[in-house]
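Please keep the sequence and the structure in view while reading.

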Amino acid sequence: MKRSSVWLWLALLVLPAAFAIDPIAFDQPAQELRFQQLTEELRCLVCQNQNLADSEAPLAQDLRREVAEMVRAGQSNNEIKQFLVARYGDFVLYRPQFKPITWVLWIGPPIMLLIAFLLARGMWRRSPRPAGETPAKTTADAGEDGGEFP
């Protein structure tokens, strides 16, 4: 009984390594650093909310290999990104360039928050007060209904 539980624990410890992302070797540490930075800035087209560095999708593995070859070939980060954008569109970048076609991505969220704030404020101002609650009197109101000013 104890022997089978030990094997089970060992299998559970080793199992994640079976699904680990294949390491890609580079000649220079600077190339590896560039590769890591690039794959963190590029989006997995299958997972959509993961970057290429973290994704285990087959397409992400192919793209990592392709990016690694481009880094080894000496292409700049900008050239690599332009190639991927030309092939897959602006969606492949986590931070797409600010251009007319991506204005909605950059300006849309703040505009939506402003609209939501204005709608909530308008609804709050128009909401009926509970029965029996009267608005607080101001000093101007006190003078109109005969009260004395302090």
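K81 and E41 form a salt bridge, with their closest N and O atoms 2.5 Å apart. A salt bridge here is a side-chain nitrogen of Lys or Arg within 4 Å of a carboxyl oxygen of Asp or Glu. K81 lies in helix α4 and E41 in helix α2, so the pair ties together parts that are 40 residues apart in sequence.

The model is predicted: local features need pLDDT of at least 70 and side-chain atom pairs count only at pLDDT 80 or more, while totals for chains, interfaces and linings use all residues. Residues are numbered from 1 along each chain as its sequence is written, and side-chain values use heavy atoms, with hydrogens and water left out.

**Salt bridges**

By the rule above, the count comes to three salt bridges. They are listed with the relative accessible area of each partner, where buried means under 20%, exposed over 50%, and partly exposed in between (1.4 Å probe, protein chains only).

| Pair | N to O distance | Relative accessible area |
|---|---|---|
| K81 and E41 | 2.5 Å | K81 23%, E41 25% |
| D62 and R65 | 2.9 Å | D62 40%, R65 40% |
| E66 and R87 | 2.7 Å | E66 23%, R87 47% |

**Overall fold**

The secondary structure comprises six helices and zero strands, where helices (H or I, at least four residues) and strands (E, at least two) are DSSP runs numbered from the N terminus. Of the 150 residues of the protein, 19% count as buried. Contact means heavy atoms within 4.5 Å. Among contacts between residues at least 6 apart in sequence, 50% join residues at least 24 apart.

Helix α4 has twelve residues and reaches 16 Å from its first C-alpha to its last, close to the 16 Å expected at 1.5 Å a residue; the expected span is 1.5 Å times one less than the number of residues. Just after α4, G89 takes a positive phi of about 95 degrees.

**Nonpolar core**

A nonpolar core is a set of buried Ala, Val, Leu, Ile, Met, Phe, Trp, Tyr and Cys residues joined through side-chain atoms within 4.5 Å. The largest one has 18 residues, and those with the most contacts inside it are L42, L52, V67, V71, I80 and L84. Two or more residues each come from α2 (29-41), α3 (58-72) and α4 (77-88), and the largest share, six residues, comes from α3.

Leaving aside residues up to four places away in sequence, L52 touches T39, L42, R43, C44, A60, L63 and R64. With the same exclusion, Q31 touches F26, V71 and R72. Q31 lies in helix α2 and counts as buried at 13% relative accessibility.

**Surface**

The accessible surface of the protein comes to about 11900 Å², of which 62% belongs to carbon and sulfur atoms; areas come from the Shrake-Rupley method with a 1.4 Å probe, and for residues only the protein chains shown count as cover. A nonpolar patch of about 950 Å² is made by F98, W103, L105, W106, I107, I111, M112, I115 and L119. Patches are made of residues with over 30% relative accessible area and no salt bridge; nonpolar side chains (Val, Leu, Ile, Met, Phe, Trp, Tyr) are joined within 5 Å, and like charges within 9 Å. I107 lies in helix α5 (residues 103-126) and is partly exposed, with a relative accessible area of 37%.
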